[in-house]
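Hi,

Here is the structure I promised to pass on.

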Amino acid sequence: MNEFRLYLLSWIVLLALLVVVAAGAELLSGMLAIALVLGGALCMIGVIIVMFMGLKTADALLKVYATGGVLWLGFLVVLTMADYMTR
Amino acid sequence: MLTTETTDRRLSAQGPVAEQFEAMQQQQASNQFGMWLFLATELLLFGGIFASYVVYLFLYPQGFSEASNLLSLPMGMSNTAVLLTSGLTMVLTEHTINAGRRRSALLFLLATLALGLSFLAIKALEWHHEYQEGLMPVLGLAFEHSGEHAQQVRLFFHFYFSLTGLHVFHMLVGLGLLGTIAVFILQWRDPPRIARQVQITALYWAFVDVLWVVIFTLLYVLRL
């Protein structure tokens with residue numbers, strides 16, 4: 001598949017994920033809705049970072065660095081929430 | 001300055017190497033790593049606000065859910081679709097300029113600019129609607145929402161205007177960069193250098209996309 005088609009496919013996947021996330025929030029409730037919304041959003045972010053930010057073709061150091069950035073944001077949210085949820 | 005032989009046919013890999021680098025590959029890696037480093041500092045700025053929002057969402061689920069329902073989901077979705085499409089046109093700008101296709105690159109860049117401006121127009125409409133509804137607790141404006149969770153709804157809208165305002169500021173910076181690049185492409189003085197500038201700007205623009213996806217998810221669709 002040439003790069004142009006790959007980018008187009010990524011964009012279609014992103015729009016489909018957007019519809020899934022919004023439909024999940026409107027039609028479902030509880031843990032299922034939360035899981036669908038968060039899962040869909042993470043997939044969208046993943047597609048943008050890998051395809052539109054060029055991580056697919058980046059060198060190993062950049063991949064490690066980018067993964068670290070996302071992981072550290074995760075640590076920030078998870079550790080902060082761990083404190084509040086266990087009070 | 002040195003010129004090096006390279007097997008990389010992309011326009012961004014051509015041209016003279018700056019004196020502090022040994023090869024174009026090293027120069028390009030430094031460019032990209034520098035931009036990722038800058039984006040990581042941006043993530044620190046937004047990350048703190050995201051983490052605070054999640055804490056308050058957990059503490060006040062009813063108030064935040066009530067407030068989230070006051071936002072226009074169709075407008076939020078339209079803005080997300082517009083920004084995702086601008087992400088596509090920006091990456092196509094990078095793709096075409098690397099192939100040396102100046103005219104196509106300029107068209108895709110102008111499309112990205114137009115989509116970015118459309119995003120701002122939709123956001124302005126949304127803010128105007130919220131102003132009319134009395135949901136704008138900023139700049140000394142009256143907040144008119146009443147009910148059991150009024151204070152929590154007010155807190156939500158503080159987050160909403162902080163996050164969307166900060167994002168709009170980043171969009172304006174991005175649009176300024178795109179406009180500058182458009183002028184460079186029109187002048188076409190140093191094509192390999194312009195291709196590298198497009199590469200770096202595309203990284204920034206995609207990062208603004210990522211930020212919006214997180215903001216959209218937290219404010220418009222995530223309800224506990």
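How many residues does helix H1 of chain B have, and how far does the helix reach from its first C-alpha to its last? Helix H1 (residues 24-59) of chain B has 36 residues and reaches 52 Å, close to the 52 Å expected at 1.5 Å a residue. (Helices are DSSP runs of H or I with at least four residues, numbered from the N terminus; the expected span is 1.5 Å times one less than the number of residues.) H1(B) also bends by about 30° at Phe46(B), the bend being the angle between axes fitted to the seven residues ending there and the seven starting there.

Before you go further: this is a predicted model, where local features need pLDDT of at least 70 and side-chain atom pairs count only at pLDDT 80 or more, while totals for chains, interfaces and linings use all residues. Residues are numbered from 1 along each chain as written, chains are lettered from A and ligands numbered from 1 in the order written, and side-chain values use heavy atoms, leaving out hydrogens and water.

Now the aromatics. Searching the whole structure turns up 19 aromatic pairs over all chains. (Rings of Phe, Tyr and Trp, the latter by its six-membered ring, pair if their centres lie within 6.5 Å; planes under 30 degrees apart are stacked, over 60 edge-to-face, the rest tilted.) One of them is Trp127(B) with Phe161(B), tilted, at 6.2 Å centre to centre and 45° between the planes. Trp127(B) lies in helix H4 (residues 102-132) of chain B and Phe161(B) in helix H5 (residues 150-187) of chain B, so the pair ties together parts 34 residues apart in sequence. Phe161(B) also pairs with Phe157(B), again tilted, with centres 6.4 Å apart and planes at 35°.

As for accessibility, Trp127(B) is partly exposed at 22%, whereas Phe161(B) is buried at 9% and Phe157(B) is buried at 0%. (Buried is under 20% relative accessible area, exposed over 50%, partly exposed in between, with a 1.4 Å probe and protein chains only.)

Finally, the interface. Chain A puts 38 residues and chain B 40 residues into the contact, meaning heavy atoms within 4.5 Å. The two chains bury about 3,500 Å² between them, 87% of it on carbon and sulfur atoms; that is accessible area (1.4 Å probe) lost on being put together, summed over both.

Cheers

Conventions: Helix = DSSP H or I, 4+ residues; strand = E, 2+ residues; numbered from the N terminus.
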